[in-house]
Amino acid sequence: MQANHAPAAGSQAGEPRLFQPARIGCIDIANRVVMAPLTRSRADEAAGDVPGSDMNVEYYRQRSGAGLIISEGTQVSPLGKGYMATPGIYSDAQVDGWRRITHAVHEAGSKILAQIWHVGRITHPDLTGGAQPIAPSAIAPRDVVAYTHGGKVEIPLPQAMSTQQIAEVVGQFRHAAANALRAGFDGVEIHGANGYLIDQFLRDGANRRDDAYGGSVAARCRFALEIVDAVVAEIGAARVGIRLSPLTPFNDLADSNPQLTFDHLVEQLDRRGIAFVHFIEGATGGSRDIPGFDYARARKSFRGTYIANNGYDRSMAIDAVESGRADAVAFGRAFIANPDLVQRLRSGAALNTPNPQTFYTPGPVGYTDYPSLDDQAVAAC
Ligand code: PHB
């Protein structure tokens with residue numbers, strides 16, 4: 001299931017491998033540039049966290065030059081929501097909305113996965129319909145705030161999940177995966193990164209449980225693997241991947257021995273034959289130079305596709321795929337500001353600069369109005 005390393009038919013001779021087709025699990029992609037999952041907070045909250053407005057469709061359609069698009073994080077239940085206006089994937093209206101997006105992306109020649117997400121303790125009752133956040137243990141994150149319609153608020157102490165609640169959330173991920181296929185997605189990425197619920201179980205900074213889901217490395221990995229098993233049972237391993245961030249301090253999470261924890265997890269993921277692992281190398285959106293985890297070793301011990309992410313520029317991405325250190329490279333911020341990122345990377349054109357002020361604001365500004373090279377050529381004449 002390794003991505004195809006031979007130059008594919010139809011690719012231009014001499015073109016870097018980054019721009020050549022590959023296969024991830026059972027999904028054929030036109031190039032190895034991946035659009036990373038990006039929270040944009042532009043779903044219809046009043047309608048029940050429903051995506052698929054004309055503006056949402058246009059945003060994804062514009063970015064369909066990516067070989068593969070991974071959707072913004074989409075919550076598997078109302079309690080899995082941690083930010084304003086993020087879309088869900090548990091209701092029929094949400095599935096119908098997503099179907100408009102996946103259809104547009106497929107029409108434009110790309111592939112799209114749903115990133116299925118539960119935030120765990122990184123939320124506030126104002127975002128979850130009044131419910132108290134849940135987590136492996138009753139430990140609040142320090143110095144993390146939630147943004148609600150009332151403004152910035154302190155994150156409260158979460159409730160430690162019962163084993164019944166754990167089983168319920170596993171079922172929600174399974175249901176989300178089934179819904180993803182109903183909505184026309186090519187598969188799913190399980191969000192196991194960035195200090196959200198799955199990561200809260202994996203890393204011992206948030207997991208002090210003394211039952212089957214905490215303590216040893218194997219026990220801390222159990223929740224993630226139960227979700228993987230449930231999702232694989234629903235849609236097949238060839239359509240499933242997971243995003244991981246062993247070292248990121250984002251959302252106040254850390255592990256006492258990331259190498260040990262994630263070695264075990266990757267070995268177990270490999271046994272299950274899932275399509276890909278997607279690593280945030282270093283601190284999310286920040287430094288890549290944090291000691292404590294060997295990504296090359298993870299890449300070697302996993303037979304599926306390795307998607308690399310975090311701070312890659314054109315030459316780093318070309319080198320990573322050329323050298324075999326990664327099969328594909330995911331870009332986040334660069335895709336916010338450059339709808340035609342692949343075309344720009346191919347030609348070496350300059351990139352637009354993203355504006356963080358409009359990452360999470362409603363409306364088209366900073367969302368669908370970044371110019372493509374074609375728009376810029378028209379503007380110049
Ligand atoms: C964010 O909205 O800042 C965010 C959401 C999900 C992530 C990372 C960051 O995984």
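The model is predicted, with pLDDT of at least 70 required for local features and 80 or more for side-chain atom pairs, while totals for chains, interfaces and linings use all residues. Residues are numbered from 1 along each chain, and side-chain values use heavy atoms, without hydrogens and water.

I listed the residues surrounding the ligand: Thr 39, Tyr 83, Trp 117, His 191, Asn 194, Tyr 196, Phe 250 and Tyr 360 (a heavy atom within 4 Å).

The side chain of Asn 194 gives a distance of 2.7 Å, that of His 191 gives 2.8 Å, and that of Tyr 360 gives 3.1 Å. The protein covers 81% of the 280 Å² of accessible area that the ligand has on its own (Shrake-Rupley method, 1.4 Å probe).

I located the ligand in the largest pocket (more than half of its atoms lie within 2 Å of the pocket's grid points). A pocket is an open set of points on a 1 Å grid over the protein atoms alone, with protein on both sides within 12 Å along at least five of seven lines; lining residues have an atom within 4 Å of a point. I noted a volume of about 1,300 Å³ (the space filled by probe spheres set on the points). Of its 48 lining residues, the closest to the centre are Leu 38, Thr 284, Arg 333, Phe 359 and Tyr 360.

How values were computed: On a 1 Å grid over the protein atoms alone, a cavity is a set of points where a 1.4 Å probe fits but cannot get out, and a pocket is an open set with protein on both sides within 12 Å along at least five of seven lines; lining residues have an atom within 4 Å of a point. A polar contact is a pair of N or O atoms within 3.5 Å; within protein, one must be able to donate a hydrogen and the other to accept it, and residues adjacent in sequence count only if both atoms are side-chain atoms.
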